[in-house]
Amino acid sequence: MILETKNLEFSYPDGTLAIDDISITIPEGKKISFVGKNGSGKSTLFLLLNGTLKPKKGKVLFDGKEVNYSSSGLRELRKKVGIVFQNSDDQLFAPTVYQDIAFGPLNLGYSKEEVNHVVNQMLDHFGLHHLKDKPPHHLSGGQKKRVAIAGVLAMDPDIIILDEPLSNLDPVGADEILDILNELNGLGKTIIISTHDVDLAYKWSDYVYLLSSSKLVNEGAPGIVFSNEGEIRNSALKSPFILDVYRELEKRWLAAGNAQPKDIPELVQLLRSIDLMRVDAGPEITVGECVNLGVLFGEFTKEGLYEAVNSRVLFKNDDGTVVVELKRRVLKPGAIYVYDMDCFDKDELDKIIKEHDIDHIGAMGKKSKDIAESADICIVCNSGVIDKSILNAITGSRCLILTSSGMVPHTAKRIRGYIQNSGIRLIFNPVGKSAIELDSQKEGQRKSQEEDQKENET
Ligand SMILES: Nc1ncnc2c1ncn2[C@@H]1O[C@H](COP(=O)(O)OP(=O)(O)OP(=O)(O)O)[C@@H](O)[C@H]1O
Ligand SMILES: [Mg+2]
């Protein structure tokens, strides 16, 4: 089922030529964006696509047939082609949100139960249940937008046209709407949007149309349309941010050439690995020597790559720097385990050390150190134990922290906080009795939260 226009032309009654000879073919099941500056004709074209406006010249075809502008013909077309207007106030008119969303399905002849089912589904999807009895004109801009989109989706059209769907939405709300649109597209719906957000059009779309002064000036895959910098500039748009960054990296030989990365992982894939590096070195370092580069805390190993940065000195400069060739080695993710020495059991601890293949053992607190010493456990670290364990773990080591009861939750909180904030993948596990205690504490916290919640509700 495709939507087409052929040499479409439209002027408003005051004589403004808003669409000038536009021919497009919208393929089924794709995500399409129309981009163009204010007044370029996007909204007018959308109104022509679902028959709200009638062209002066040229035609609109749906599924190969010219649109029939009789009221029954238009009803048929609008069943298949739903449109969400740029301005929600043009769309919402019923006394309540519920009735507004129900309007379309009722008109399509759904039974009362079917209407109720679909409206509730939409209220759930768009997080609108709490607003269902409010008049739409008492809602915020973003809430109105959600109701307008929900009302169109409730009719289950095959082609969904959304004029600036993300305007007025907060970033999380915008992501939620995009998720819904992507989900619908996954179910086979054709999604057409207009947007000034070049980053969105570039990243999200399968195909982009660029309008300027009522004309179609370019179309194609987003990488192609947005690569034409001059045309983008002439259309009062700008390059997607990720393409700008990529071009700057490419100019400096830091990224592989002639690509169009869509997102950060794609960009990262294109980065050239640095094989040679200029680093500060002491006078004792000699050419040919193998040295180990200091790794800045967290920096080198972000995003879960654990690298031991070894290098060979190739050249010594007069200014005290040397040029080294990097040799990298990817290691398994490191790990940190915590053991509660208040419940010390030599056999259990030996088993844990063996089972988890521990490289470094650190002890926190006098009591833990004393017990470890008297039990002949080899402690390699007894100060700054948490930080050192993290540093060892991010370069691939497996660490065990011995501590006593009171310190176990604190240790767990610090390490979990680090893992969460840094995004570095590390294994962290309390072991032995500590594991049981922390689990029961979590259970206790959960119960008390539930009780608080119940109290608030009553
Ligand atoms: N009702 C109207 N009467 C006369 N001219 C109109 C009317 N609506 C729009 N226009 C004109 O038609 C042209 C195209 O407007 P349109 O609303 O389609 O642009 P747009 O690309 O959607 O812009 P925006 O990005 O601001 O939403 C503009 O020059 C505009 O001034
Ligand atoms: Mg518009």
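Predicted model: local features only at pLDDT ≥ 70, side-chain atom pairs only at ≥ 80, totals over all residues.

Colleague: What's the strand order in the open sheet of four strands?

Modeller: The order is β2-β1-β4-β5, and the pairing is antiparallel. β2 (17-26) and β5 (65-66) each have a single partner strand and stand at the edges, so one side of each is left without a neighbour in the sheet.

Colleague: And how many bridges join β1 to β4?

Modeller: Five bridges join β1, residues 3-11, to β4, residues 57-62, with the two strands running antiparallel; within that pairing, T5 has V60 of β4 as its bridge partner.

Colleague: Which strands does helix α1 touch?

Modeller: Helix α1, which spans residues 42-49, packs on the sheet and touches β1, β2 and β4, and its direction makes about 60 degrees with that of β2.

Colleague: Switching to β17, why would you call it largely enclosed?

Modeller: Six of the six residues in β17 (residues 398-403) are buried, so the strand is largely enclosed by the rest of the structure.

Colleague: Which residues lie on each side of it?

Modeller: R398, L400 and L402 are on one side of β17, while C399, I401 and T403 are on the other, and all of these are buried, so that both faces are covered. In a regular strand, side chains alternate between the two faces of the sheet.

Colleague: What does β17 pair with, then?

Modeller: β15 (residues 335-340) runs parallel to β17 and is joined to it by six bridges, with D340 standing opposite T403. β16 (residues 360-363) also pairs with β17 in the parallel sense, over four bridges, and there A363 has L402 as its bridge partner.

Notes: Residues numbered from 1 in each chain as written. Chains lettered and ligands numbered in written order. Pairing = 2+ DSSP bridges. Contact = placed C-beta atoms within 7 Å. Axes fitted to C-alpha atoms, helices over the stretch in contact; angles between N-to-C directions. Buried ≥ 20, exposed ≤ 12 C-beta atoms within 10 Å, placed from the backbone.
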